[in-house]
Amino acid sequence: MRKNSIKNIRINSEVHRELSNIIRSEIKDPRINPMTSVVDVEVAPDLKSCKAYISVLGDEESQKATLEGLRSAEGYIRRQLAKNINLRNTPEIKFIMDQSIEYGVNMSHHIDEVNKNMSHEEETETEETE
């Protein structure tokens with residue numbers, strides 16, 4: 001099975017959906033931030049390993065705690081995944097922090113700020129010319 005075959009893409013999306021559900025509704029670890037989302041999942045073609053990219057909306061301390069909580073719950077998550085998805089092998093899950101959502105939110109704030117400043121400067125210039 002190739003990395004981007006239709007079967008692999010389907011497995012990735014299925015694992016992604018199930019991981020999101022498990023993290024959102026089944027794990028009761030207080031370290032895990034409620035604003036945790038699974039951004040992407042890459043299951044290896046041999047189904048032995050899986051990289052789960054997660055994003056946490058919050059400060060760095062909250063992100064570290066969430067990552068710790070997920071790593072300590074890996075066995076439970078893997079068992080739930082095996083129960084919910086019928087795969088030949090249940091992949092070993094490695095959680096990786098992905099800051100892309102937070103980066104996008106920050107960039108959006110910066111852009112809004114620049115636009116606000118530019119419109120404020122334009123208003124000041126038109127008042128001065130009048």
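**Salt bridges, charged patches and buried leucines**

Lys-64 and Glu-60 sit four residues apart in helix 2, so about one helical turn separates them. The two form a salt bridge, with their closest N and O atoms 3.8 Å apart; the term stands for a side-chain nitrogen of Lys or Arg within 4 Å of a carboxyl oxygen of Asp or Glu. Helices here are DSSP runs of H or I with at least four residues, strands are runs of E with at least two, and both are numbered from the N terminus. Lys-64 counts as partly exposed because its relative accessible area is 48%, while Glu-60, at 55%, is exposed. The cut-offs are simple: buried is under 20% relative accessible area, exposed is over 50%, and partly exposed is in between, using a 1.4 Å probe and protein chains only.

A word on the model itself. It is a predicted one, in which local features need pLDDT of at least 70 and side-chain atom pairs count only at pLDDT 80 or more, whereas totals for chains, interfaces and linings use all residues. Residues are numbered from 1 along each chain as its sequence is written, and side-chain values use heavy atoms, with hydrogens and water left out. The pLDDT score is the predictor's confidence in each residue, from 0 to 100. Its mean over the chain is 87, and 94% of the residues reach 70 or more. Confidence is lowest in helix 4, with a mean of 79, and highest in strand 3 (residues 92-97), at 94.

Back to the salt bridges, of which the count comes to five. Arg-31 pairs with Glu-68, their closest N and O atoms being 3.9 Å apart. This pair ties together distant parts of the chain, 37 residues apart: Arg-31 is in the loop between helix 1 and strand 1, and Glu-68 is in helix 2. Both ends are partly exposed, Arg-31 at 34% relative accessibility and Glu-68 at 48%. Asp-29 joins in as well, linked with Arg-31 and Glu-68 in a network of salt bridges.

Glu-92 forms another salt bridge, with Arg-78, and here the closest N and O atoms are 3.0 Å apart. Again distant parts of the chain are linked: Glu-92 belongs to strand 3 and Arg-78 to helix 3 (residues 74-84), 14 residues apart. Glu-92 is partly exposed at 42%, and so is Arg-78 at 29%.

Charge also gathers in surface patches, built from residues with over 30% relative accessible area and no salt bridge, with like charges joined within 9 Å. Lys-7, Arg-10, Lys-48 and Arg-88 make up a positive patch. One of its members, Arg-10, lies in helix 1 (residues 6-26) and counts as exposed at 54% relative accessibility. A negative patch brings together Glu-121, Glu-122, Glu-123 and Glu-125. Glu-122 is found in helix 4 (residues 100-129) and is partly exposed, at 49%.

Leu-67, in helix 2 (residues 60-72), is buried at 14% relative accessibility. Its C-alpha is 9.8 Å from that of Thr-36, a residue 31 positions away in sequence. Leu-47 is buried too, at 5%, and lies in the loop between strand 1 (36-43) and strand 2 (49-56). Most residues other than glycine have a negative phi. Leu-47, although not a glycine, has a positive phi of about 65°.

Notes
Patch = residues over 30% accessible without salt bridge, like charges linked within 9 Å, V, L, I, M, F, W, Y side chains within 5 Å. Areas by Shrake-Rupley, 256 points an atom, 1.4 Å probe, with all protein chains shown as cover. Lys, Arg positive; Asp, Glu negative; His and termini not counted. Charge placed at Lys NZ, Arg CZ, Asp CG, Glu CD.
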